[in-house]
Amino acid sequence: MLALLSHFRFLILFFMVIIFLYVYLKIAPKKMSFDNGGNQIKLNKCPECGKEINSKSKYCPYCGYTFDGKDKI
Ligand SMILES: [Zn+2]
C-alpha cells in the first residue's frame, strides 16, 4: 500500500511538470521577442494577415501591408 502511494505521488509530480512546461512554452515566446542585436522589441499584429511583426517596420513582410500614416510616431 505504501509503494502504491509513493507511485501516485510521483504521477502527480509528473503531471505538474508537464502542465508547467506547457504553460511556460505557451507564454514565454510571446513575452520575449528579440531582434538581431539581442534587444527586446515590440510586436504589432498585422491587421491584414494577423501575424506578429516588428512595430518599427513600416510594412508587413508576410503580406506587404503598409502602415503609412496610420501610426503616430
Ligand atoms: Zn500581414
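This report walks through a predicted model of one protein, from its overall layout down to two residues.

## The big picture

Let's start with the layout. The protein has 1 helix and 2 strands, and going from the N terminus the order is α-β-β. The helix, α1, covers residues 2-31.

Take the contacts between residues at least 6 apart in sequence, and 0% of them join residues at least 24 apart.

The average pLDDT for the protein is 80, and 74% of the residues score at least 70. Looking at the elements, confidence is lowest in helix α1, with a mean of 83, and highest in β2, at 87.

An unreviewed UniProt entry puts a "transmembrane region" at residues 6-25. In the model, that span is 100% helix and 0% strand, and its end C-alpha atoms lie 29 Å apart.

Further along, UniProt (again an unreviewed entry) places the feature "domain: Zinc-ribbon" at residues 45-65. What does the chain do there? Over residues 45-65 it is 0% helix and 19% strand, with 11 Å between the end C-alpha atoms.

## A look at glutamate 48

Is glutamate 48 buried or exposed? It counts as exposed because 12 other C-beta atoms lie within 10 Å, and the cut-off for exposed is 12 or fewer.

Which residues does glutamate 48 touch, leaving out those up to four places away in sequence? They are Cys60, Cys63 and Tyr65. For cysteine 60, which is 12 residues from glutamate 48 along the chain, the C-alpha atoms of the pair are separated by 8.7 Å.

## And one at proline 61

How far apart in space are proline 61 and lysine 51? From C-alpha to C-alpha the gap is 9.5 Å, while in sequence the two residues are 10 apart.

How values were computed
Residues are numbered from 1 along each chain as its sequence is written. This is a predicted model: local features need pLDDT of at least 70, side-chain atom pairs count only at pLDDT 80 or more; totals for chains, interfaces and linings use all residues. UniProt positions are given in the numbering used here, feature names are shortened, and annotations may be inferred rather than shown by experiment. Helices (H or I, at least four residues) and strands (E, at least two) are DSSP runs, numbered from the N terminus. pLDDT is the predictor's confidence in each residue, from 0 to 100. A residue is buried if 20 or more other C-beta atoms lie within 10 Å of its own, exposed if 12 or fewer, and partly exposed in between; C-beta atoms are placed from the backbone. Two residues are in contact if their C-beta atoms, placed from the backbone, lie within 7 Å.
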